[in-house]
Amino acid sequence: MSGSAQNLRDASGRLDFLIGLVAVLAAVFAIVWLIPTQVEIPAVTDQLSPRLFPTLSAGVVGLFGLALMFRSRRWILEPGGHEGFRFFVEALAWVAWATMVMLLLSYAGFVITGAVSCFAGMLLVGQRRQLLWCALGSILLPLAVQQLAWYAFYIQLP
Amino acid sequence: MMQDIVLHAFAAAIQPMNLIFIAFGIFLGIVIGALPGLGSVTAMAVLIPLTFYMSPLTAIAFLVGVNKGGTSGGAVPAILLNSPGTPESAATAWDGYPMARRGEAFRALKFALFSSVTGDTISDLLLIVLVVPFAAFALQFGPVEYTAVLLFSFALIAGIAGDSPLKSGMAIFIGIFLATVGLDPVSSTPRFTFGRIELYDGLSLAALAIGALALSSVVMQISDLATRRVVDDFAANQAVDKQDRKLPAREFFSYWRTLIRGALIGSLVGMLPGLGVTLASFMSYAAARRSSKHKEKFGHGEPEGIIATESANSAVVGSNLIPTIALGIPGNIAAALLIGALMMHGVVPGPFMLQMHGELIYGLFASMIVANLLHLLIGRAGLSLWILFARVPRRIILPPVLMLCIFGIYLPSQSLWDVGVMLAFAGMGILFTRVGISVVCTVIGFLLGEMFETSLRQSLLLFQVDGLSILASPIAGIFLLLTIMIVARALWRGSRKKATTA
């Protein structure tokens, strides 16, 4: 195996170990706290408990996590980094974007949210030419969708 | 006698008004199915009131047309944007998008359309011939058999999706766990509702699937373009030469084994109530990959992957009507909507339907065959339009998809909650895909989770009453044995790979 391929394998092994660890912790959290507090047991029942299936599925997730950790154990102490942090930052950036979209939808409505997200998305991706046309399209498209929703389905978009 | 029935049925099917509405239904189905977030079910639900003024045959044929168009229309965003609008098109994107990226978008769309129509036609013919005996077979499926089939499907899907069966298995059970949100199906006890009324019905499948599959894929493409990890060369790659866009009949039918296998898997899965389109498409994909001589090409733009998926998911449309017509049990949501439309027109589906409304049913069968021909013509004409989108640079075409997803999710539920759920699961989709966990598996786990829970709980209750009764089912036995074989094979291959690496 070449050096770069070996580095890639090491990084992916460490990431897998981390995924397994997160899965095990999440399963323990679900079984120990989440399920007991969020699923009540009916006072009288001759059926199986409503907690059985969530516990079973969380347990299986935990088992898969453990197996993943066991399979990737030899890469824990290998030096070098993985891309886990970059992925986490990307997901956080999406959370910020999604929060802005929800706030805009609630307070400014569909047309403004659609127009802003379209145009901002185009700028973000690197569109630098014919910006006037892009802006016009970003406004007209949500307007057209809103009119379609109203006239075709009698539904008022937010 | 039979000849008279068939002739009458085709005479009714080719009435001009019937043809116009079938064509209109297919057109609407394709357009609505191609929009991320709006599938054939939404289209049918919205269009049912229109059928009130039609004759029963025209109404049902129109809705069947919408369903056929909607199922094949889902392949368009999957191939052109890597953004499957519905879970059943997710496997189409695995090979369709890589094909489109290397400049074969038109050919990929053709493969999808032709496979869809062929699979659909085979399933319609099976429906006509086997409606009564197949319904009797479907009746043999009880909770134990369903549990065994679902376990088999999970093992099969975990083996083909993602980069590791362990991570895919984990993703499936995360989906199953998410499916337990809402009221317990037996005791109606609230589970994980956190006191919110919106969660009593559970998480919306459409919001979860669109967020995790379609939106997350678009966001990742935007992120990759913004950070210059990939180049916006999709439009420039597309074949301009007409010769490169051709798909000769000989080439298409050289995959006849995959086509027929896909259609049969789709028909078989479709006739069992509840299993649905998504499972059929993934089982067919898995079967095609297993039997292929060049397995390594799957997922990198192999036409066989598209053919397997599209022939299977379209075959479900016809075969789903087997339990609907013969037993009055809807095979999926689309079939349930059809039952609603039939009842609106005074026709009660069930075992006596063929006797009491034989003319209508055979007219419907004939309309379905005619609809396939119209589907081919309308779909083929539409390809020239869809391919125009492939020529627009990604930096222009991707950003509006977020707005279309919001529209698609808000329209049926009129709830900002579901929009929030979609955005949240898009975040989960991004994280999962980046770290190599198959988000498709999570969606499938979620989709089949409730059915798995119900059938498993019923099987456990049966076991409490009579421990040996679950061992008496040969169907369940075969599927459990196959599941054990798949898991054992994965373990053996895993240990062999480890030994080779060491």
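This is a predicted model: local features need pLDDT of at least 70, side-chain atom pairs count only at pLDDT 80 or more; totals for chains, interfaces and linings use all residues.
A residue counts as buried if 20 or more other C-beta atoms lie within 10 Å of its own. The buried residues are Thr258(B), Leu259(B), Gly262(B), Ala263(B), Leu264(B), Ile265(B), Gly266(B), Ser267(B), Leu268(B), Val269(B) and Gly270(B). The helix covers residues 256–270. Its 15 residues should span 21 Å at 1.5 Å a residue, and the end C-alpha atoms are 21 Å apart, so expectation and model agree.

The contact between the chains involves 48 residues of chain B and 49 residues of chain A. On chain B, at least two residues each come from helix 8 (165–178), helix 9 (205–226), helix 20 (394–397), helix 21 (399–413), helix 22 (416–434) and helix 23 (439–465). Helix 22 gives the most, with nine residues. By class, this side of chain B has 33 nonpolar, eight polar and seven charged residues.

Backbone torsions were examined next. Most residues other than glycine have a negative phi. Phe192(B) has a positive phi of about 50°. Phe194(B) also has a positive phi, near 50°. Phe192(B) lies in the loop between strand 2 (190–191) and helix 9 of chain B. Phe194(B) is placed in the loop between strand 2 and helix 9 as well. Their surroundings can be set side by side. Phe192(B) has 20 other C-beta atoms within 10 Å and is therefore buried. Phe194(B) has 10 other C-beta atoms within 10 Å and is therefore exposed, the cut-off for exposure being 12 or fewer.

Conventions: Residues are numbered from 1 along each chain as its sequence is written. Chains are lettered from A and ligands numbered from 1 in the order in which they are written. Two residues are in contact if their C-beta atoms, placed from the backbone, lie within 7 Å. Helices (H or I, at least four residues) and strands (E, at least two) are DSSP runs, numbered from the N terminus. Ala, Val, Leu, Ile, Met, Phe, Trp, Tyr, Cys and Pro count as nonpolar, Asp, Glu, Lys and Arg as charged, and the others, Gly among them, as polar. The expected span of a helix is 1.5 Å times one less than its number of residues.
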